[in-house]
Amino acid sequence: MKFKLPAFLENVETPVEGETLLRKFVADPASVGGVDTLDLFSLADVGAKKNVILVGIDEVGRGPLAGPVVACAAVLKAPDIMPELNDSKKLSRKKREAMFDAVKDACACYAIASASEKEIDEINILEADFLAMRRALQALGMQGLDAPAPEIPVEVKGSFAEEDPIGRPADSLQGDKRVPQVFIAVDGNLKIRGVPAEMQMPVVKGDGRIASISAASILAKVFRDRYMDKLAEKYPAYGFEKNAGYPSPVHLSAIRKFGFTPVHRRSFHVKELEGLV
């Protein structure tokens, strides 16, 4: 089922504004006019949700002909901790690289996980997206997910159990010290298969609307670009360091001349390569 953008997020102008509104929604839907949205997203027991953290999740690498798909789940210490956050596609590689460590520091916790080209071929790219996302959430401490260990080690900082909604260490909380409940803002119009539906809200173009999704987008993109740089050293003819596995003229020409490598997705067919697969 595809979801539309909730009305209370339609006029968001910056990721910081969207992050602030979505945190308010999780705490009290009526405060942002989002009560009608509850029927759509089934957020239960809202009045009792005093210990909820908002996690943004995004993926990169759906379209390339080679390499893994990579997902990141990120929790920001505060909505406005990094005002320059934005959709990674709107930032140059140089800018993303310059922001990478600062984005990590701005996160109370994050995890970057992947699904391999072999898994993409076996279960299709959408299911591989979901698998990478589940792996990221599992690395942060979410229980009950079907997410076996990936081929590429997960990069992780902290966990949901260590943070409260605004990023303070759990041992600083007074009273109830339960592991915080999590509400997931997912970039796009689909919920993550295999994750409880009531814990999620798809946000169309969320990487430009919700700061935590923006952070996840940047972390996932830089991580994958660097991984493709390493593959370029192993397979120099394909230009992975420049095209990140996408079907650039150099990449397509190399496939015609040298064939596919073990890191190519055999299930991806492009018109220019008909007859080679």
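This is a predicted model: local features need pLDDT of at least 70, side-chain atom pairs count only at pLDDT 80 or more; totals for chains, interfaces and linings use all residues.
Why does Gln143 count as exposed? Gln143 has a relative accessibility of 68%, and because exposed means over 50%, Gln143 counts as exposed. As for where Gln143 sits, you will find this residue in the loop that runs between helix α5, residues 125–139, and strand β4. A polar atom of the Gln143 side chain lies 3.1 Å from the backbone oxygen of Gly141. If you then look for Val195, which is 52 residues away from Gln143 along the chain, you will see that the C-alpha atoms of these two residues are separated by 9.8 Å.

The chain has 277 residues, and 55% of them count as buried. There are 8 helices and 6 strands, and if you follow the elements from the N terminus, their order is α-α-β-β-α-β-α-α-β-β-β-α-α-α. Of the contacts in the chain with a separation of 6 or more, 66% are between residues 24 or more positions apart.

Next comes the sheet. It is an open sheet of 6 strands, in the order β4-β3-β2-β1-β5-β6, and its pairing is mixed. At the edges stand β4, residues 155–157, and β6, residues 200–203, each of which pairs on one side only. On average, and with direction ignored, neighbouring strands of this sheet are turned by 20 degrees against each other.

Please look at strand β1, which covers residues 52–60, and ask how many of its residues are buried. The count is 9 of 9, so that the strand is mostly covered. In a regular strand, the side chains alternate between the two faces of the sheet. In β1, Val52, Leu54, Gly56, Asp58 and Val60 point one way, while Ile53, Val55, Ile57 and Glu59 point the other way, and all of them are buried.

Which strands does β1 pair with, and in which sense? With β5, residues 181–187, the pairing is parallel and extends over 6 bridges, and in this pairing Val55 stands opposite Ile184. With β2 the pairing is antiparallel, over 5 bridges, and here Asp58 has Cys72 as its bridge partner. Moving along the sheet, β2, residues 69–76, is joined to β3, residues 107–115, by 8 bridges, and these two strands run antiparallel; Ala71, for instance, has Ala113 in β3 as its bridge partner.

Finally, I would like to turn to helix α3. This helix lies across β2, β3 and β4, and it runs at about 120 degrees to β3. Helix α3, residues 93–106, also meets helix α6, residues 211–234: their axes come within 9 Å and cross at roughly 115 degrees, and the crossing is left-handed. On the α3 side, the residues in contact are Arg93, Arg96, Glu97, Met99, Phe100, Val103 and Lys104, and among those they meet in α6 are Ile218, Leu219, Val222, Phe223 and Asp225. What classes of residue make up the contact of α3 with α6? There are 8 nonpolar and 8 charged residues, and no polar ones.

Definitions and conventions:
Residues are numbered from 1 along each chain as its sequence is written. Side-chain values use heavy atoms; hydrogens and water are left out. Axes are lines fitted to C-alpha atoms, for helices over the stretch in contact, and angles run from 0 to 180 degrees between N-to-C directions. Helices (H or I, at least four residues) and strands (E, at least two) are DSSP runs, numbered from the N terminus. A crossing is left-handed if the near helix is turned anticlockwise from the far one by less than a right angle, and right-handed if clockwise. Contact means heavy atoms within 4.5 Å. Ala, Val, Leu, Ile, Met, Phe, Trp, Tyr, Cys and Pro count as nonpolar, Asp, Glu, Lys and Arg as charged, and the others, Gly among them, as polar. Two strands pair if DSSP finds at least two bridges between them. Buried means under 20% relative accessible area, exposed over 50%, partly exposed in between (1.4 Å probe, protein chains only). A polar contact is a pair of N or O atoms within 3.5 Å; within protein, one must be able to donate a hydrogen and the other to accept it, and residues adjacent in sequence count only if both atoms are side-chain atoms.
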